[in-house]
Amino acid sequence: MKMKKESLVLGLALFAMFFGAGNLIFPPSIGASVGDRWYIAVLGFFTTGIGLPLLGIMAFNKIGSLNKFAEKISPKFNKIYCSLLILSLGPLLAIPRTGATTFEMGIAPNFPTISPVIVSIIYFSITLIMVINPSKIIDNIGKILTPIILLMLTLIITKGIFFKIGIPIKIELIENAFSFGFLEGYQTMDALASVLMGAVIMSGLKAKGFTDRKVQKTLIIRAGIIASIGLAMVYGGLLYLGATSSSVVSGLEKTDLTMYIADATLGQIGNTILGICVSAACLTTSIGLVTIVGEYFSKITKFSYKTIVILTCIFSGAMSVIGVGAIIKISVPILVILYPITIVLIMLNLFEVKNSIIYKASITIAITTSIIEIGYNTLGIHAFGYIYNLIPFAKDGFIWFLPIILITPIATILENLRKKRKSTLLYANSKG
């Protein structure tokens, strides 16, 4: 009975952790982009938006420490990787996006004449005050807001399904709906966050007396199923509503499309309430992320916690002014590099691969192929195009997949040869 209760509590906690208010803008946009192939795109989005984050927490359960996540490559690489991870979840992408989402969904629709600069200053000033002087008030606000947002989304999705906004139409702009959904799932950044969330989950389980790894694994799997069902209902419902809107509107920005769907189902009042709730929830997320950035970098640098959080808020505030769309464009090359690395590390740690050569070879390929993809698709360097077009699945966004699959047996053979050679030398030395 205790295991079932804890599974439910942990499942709801996992759902709340991954249920980021800012993530709600992506599913409708995906649905609107693929139209009648929404059911294929949803599988891709679920893979990176739900599946990988849960696998990330399970992988963390295997190793138990962030300092060991990429240690088999080298301690230095692990520190660089973790730093880039936290910078991406912090001032480079996620924190500014919370500020931009707040302006576009909560402020601009209700106060159209107010400047995004003013909003950014106020938003990040509040963030800074709450980070330097922690208060339980903001935690309580977060706990209240999540159920309210969830209730409103349930109403939006239910009404949208039974009283359709429109019908999903055929859209040929996107060739591969699955890979489109998969790659758009990068933008949730939940798989990246899962590496950090794993520490919180493990700490919570240990505090409750669940120290056995097998018991922890059972709880995480059960909780993962609960969280997955909740996230699938929310993300899947919003993605479908985005698909139904494809016959009614087109060309809307991500935040505008989400607000349009809220307005089409619940009217202006629902639109306004959702915008305000999402904005307040983004603020709680911003405070949490700024705190993580401050705590991490104050430990590995000479800068104080206070200095780091001040600089983080200033930089994030400046970034947020450019808007959600621009931040997403900037995030693409960063996530194209970070996600394949994170996927590889999650899978290798999950299956407890001991071969360090496999780690090093896989990560080298993940980084190299990602650079080729960015060089060709983002920077337009034609020299990279020759290699890009030779690699299978590259055009579908999986340039790293086949090379990494092929390198695994090669790395295994090399490691076995190395061990054999080492044992032969030891034997020869012992005889000599």
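Colleague: Let's start with G317. Is G317 buried or exposed, and why?

Modeller: G317 is buried, because its relative accessible area is 9% and the cut-off for buried is under 20%. Keep in mind that this is a predicted model.

Colleague: Okay, and where does G317 lie?

Modeller: G317 lies in helix α12, which covers residues 305–320.

Colleague: What does G317 touch, leaving out residues up to four places away in sequence?

Modeller: G317 touches S120 and F124. S120 is 197 residues from G317 along the chain, yet their C-alpha atoms are separated by 5.5 Å.

Colleague: Nice. New topic: aromatics. How many aromatic pairs does a search of the whole structure find?

Modeller: The search finds 16 aromatic pairs. One of them is F182 with Y186: the ring centres are 5.9 Å apart and the planes sit at 65 degrees, so the pair is edge-to-face.

Colleague: Are F182 and Y186 buried or exposed?

Modeller: F182 is buried, at 6% relative accessible area, and Y186 counts as buried too, at 4%.

Colleague: Which aromatic pair do F182 and F398 form?

Modeller: That one is edge-to-face, with 4.8 Å centre to centre and 70 degrees between the planes. The pair links distant parts of the chain: F182 is in helix α8, while F398 is in the loop between α15 (382–388) and α16 (401–431), 216 residues apart. F398 counts as buried, at 13% relative accessibility.

Colleague: Which residues form one aromatic cluster with F182?

Modeller: F182 clusters with F178, Y186, Y339, F393, F398, W400 and F401.

Colleague: Last one. Which residues touch the most other members in the largest nonpolar core?

Modeller: Y81 and L345 do, in a core of 124 residues. Helix α11 (residues 254–300) gives this core its largest share, 16 residues.

Colleague: And what is L345 in contact with, leaving aside neighbours within four places in sequence?

Modeller: L345 is in contact with F69, A70, I73, Y81, Y359 and I363.

Terms used
Residues are numbered from 1 along each chain as its sequence is written. This is a predicted model: local features need pLDDT of at least 70, side-chain atom pairs count only at pLDDT 80 or more; totals for chains, interfaces and linings use all residues. Side-chain values use heavy atoms; hydrogens and water are left out. Helices (H or I, at least four residues) and strands (E, at least two) are DSSP runs, numbered from the N terminus. Buried means under 20% relative accessible area, exposed over 50%, partly exposed in between (1.4 Å probe, protein chains only). Contact means heavy atoms within 4.5 Å. A nonpolar core is a set of buried Ala, Val, Leu, Ile, Met, Phe, Trp, Tyr and Cys residues joined through side-chain atoms within 4.5 Å. Rings of Phe, Tyr and Trp (its six-membered ring) pair if their centres lie within 6.5 Å; planes under 30 degrees apart count as stacked, over 60 as edge-to-face and the rest as tilted.
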